[in-house]
Amino acid sequence: TGAKMIPKLLPKPRSQIRSPQTLQKIRRNIYDELFKTLNLKTLDDWYKISQKTLNSAAPEALKRTDPKAFKSIAFKLMKSYPEKKWVPWLFREIPNRFWVRKEIQREFFDWLGEKLSFSSFEDWYRISMNQISKLGGTRLIYKNYRGSVSKAVYTLYPEYPWIFWKFGQVPSTFWSKSQNRRSFFDY
């Protein structure tokens, strides 16, 4: 069954898909069949599937129901299984512009803090790039904060009066500013 079953789920031609609900149902059926074809055990197993694997498992089905499915497995699965609380950054691949919005960045850091059992803002001084990377935030830090964990924390939690030198690393230009050196010596 599996991949052989998928073409039977598609209407011919695509113009027969009259409503978003119908398209949603067809998509869901396709992903259900792919779930079996790829021998997945739980919905969380989707996090391990690459876009390339998905595309090769049912290229025609994905192209016909969702031409952009080739770009973002994360968003397509989130739409196909809305009952599941997905954690987008756990997917092997996420869309290029995923980390642009500050709300998503803050959501990641809130989730990260829970995962690391942080109970206060002070706990963030102990965060490392390694911890962030292991939990899916490498691109977030490098693309948005030039690799500076302290800058990310400072930016995403502006409500707290951060003391930069308490972090393991400070932004590269931090000590070149006289007011930062003065604050350090006054502390």
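**The core and its surroundings**

Modeller: F109 has a relative accessibility of 0%, so F109 counts as buried. Buried means under 20% relative accessible area, exposed means over 50%, and partly exposed is in between, with a 1.4 Å probe and protein chains only. This is a predicted model, in which local features need pLDDT of at least 70 and side-chain atom pairs count only at pLDDT 80 or more, while totals for chains, interfaces and linings use all residues. Residues are numbered from 1 along each chain as its sequence is written, and side-chain values use heavy atoms, with hydrogens and water left out.

First, the setting. The protein chain has 10 helices and 0 strands. Helices (H or I, at least four residues) and strands (E, at least two) are DSSP runs, numbered from the N terminus. Of the 187 residues in the chain, 43% are buried. Take the contacts between residues at least 6 apart in sequence: 49% of them join residues at least 24 apart. Contact here means heavy atoms within 4.5 Å.

Back to F109. Setting aside neighbours within four places in sequence, F109 is in contact with W124, I132, L140, I141, A152, V153, L156 and Y157. The largest nonpolar core has 49 residues, and W46 and F109 touch the most other members. Such a core is a set of buried Ala, Val, Leu, Ile, Met, Phe, Trp, Tyr and Cys residues joined through side-chain atoms within 4.5 Å. At least two residues of this core come from each of α2 (20-37), α3 (51-57), α5 (73-80), α6 (102-115), α7 (129-134), α8 (138-145) and α9. In soluble globular proteins, nonpolar side chains tend to be buried together.

Now the rings. The structure holds 33 aromatic pairs. Rings of Phe, Tyr and Trp (its six-membered ring) pair if their centres lie within 6.5 Å; planes under 30 degrees apart count as stacked, over 60 as edge-to-face and the rest as tilted. F108 and W111 make a tilted pair, 6.0 Å centre to centre with 35° between the planes. Both F108 and W111 sit in helix α6, 3 residues apart, about one turn of the helix. F108 and W111 are both buried. F109 pairs with W124: the ring centres are 5.4 Å apart and the planes are at 40°, so this pair is tilted. F109 belongs to helix α6 and W124 to the loop between α6 and α7, so the pair ties together parts 15 residues apart in sequence. W124 has 5% relative accessibility, so W124 counts as buried.

G136 touches W89, W99 and F108, not counting residues up to four places away in sequence. G136 is in the loop between α7 and α8. Its relative accessible area is 25%, so G136 is partly exposed. V87 and G136 are 49 residues apart in sequence, yet 9.8 Å apart in space, C-alpha to C-alpha.

Next, α5, one of the helices that supply the core. Its buried residues include I73, A74, K76, L77 and S80. Among what covers the buried residues of α5 are α2 and α3. S80 has a relative accessible area of 1%, so S80 is buried. Beyond neighbours within four places in sequence, S80 is in contact with Q24, R27, R28 and Y31.

Two loop residues make a contrast. N39 lies in the loop between α2 and α3 and has 58% relative accessibility, so N39 counts as exposed. Its phi is near 55°, a positive value in a residue other than glycine. S117, in the loop between α6 and α7, has a phi near 60°, again positive in a residue other than glycine. At 59% relative accessibility, S117 counts as exposed. Most residues other than glycine have a negative phi.

Last, α9, which supplies core residues and also gives the most to the lining of the largest pocket, with 4 residues. The lining has 23 residues, with S148, K151, V170, P171 and S172 nearest the pocket centre. It divides into 10 nonpolar, 10 polar and 3 charged residues. Here Ala, Val, Leu, Ile, Met, Phe, Trp, Tyr, Cys and Pro count as nonpolar, Asp, Glu, Lys and Arg as charged, and the others, Gly among them, as polar. On a 1 Å grid over the protein atoms alone, a pocket is an open set of points where a 1.4 Å probe fits, with protein on both sides within 12 Å along at least five of seven lines; lining residues have an atom within 4 Å of a point.
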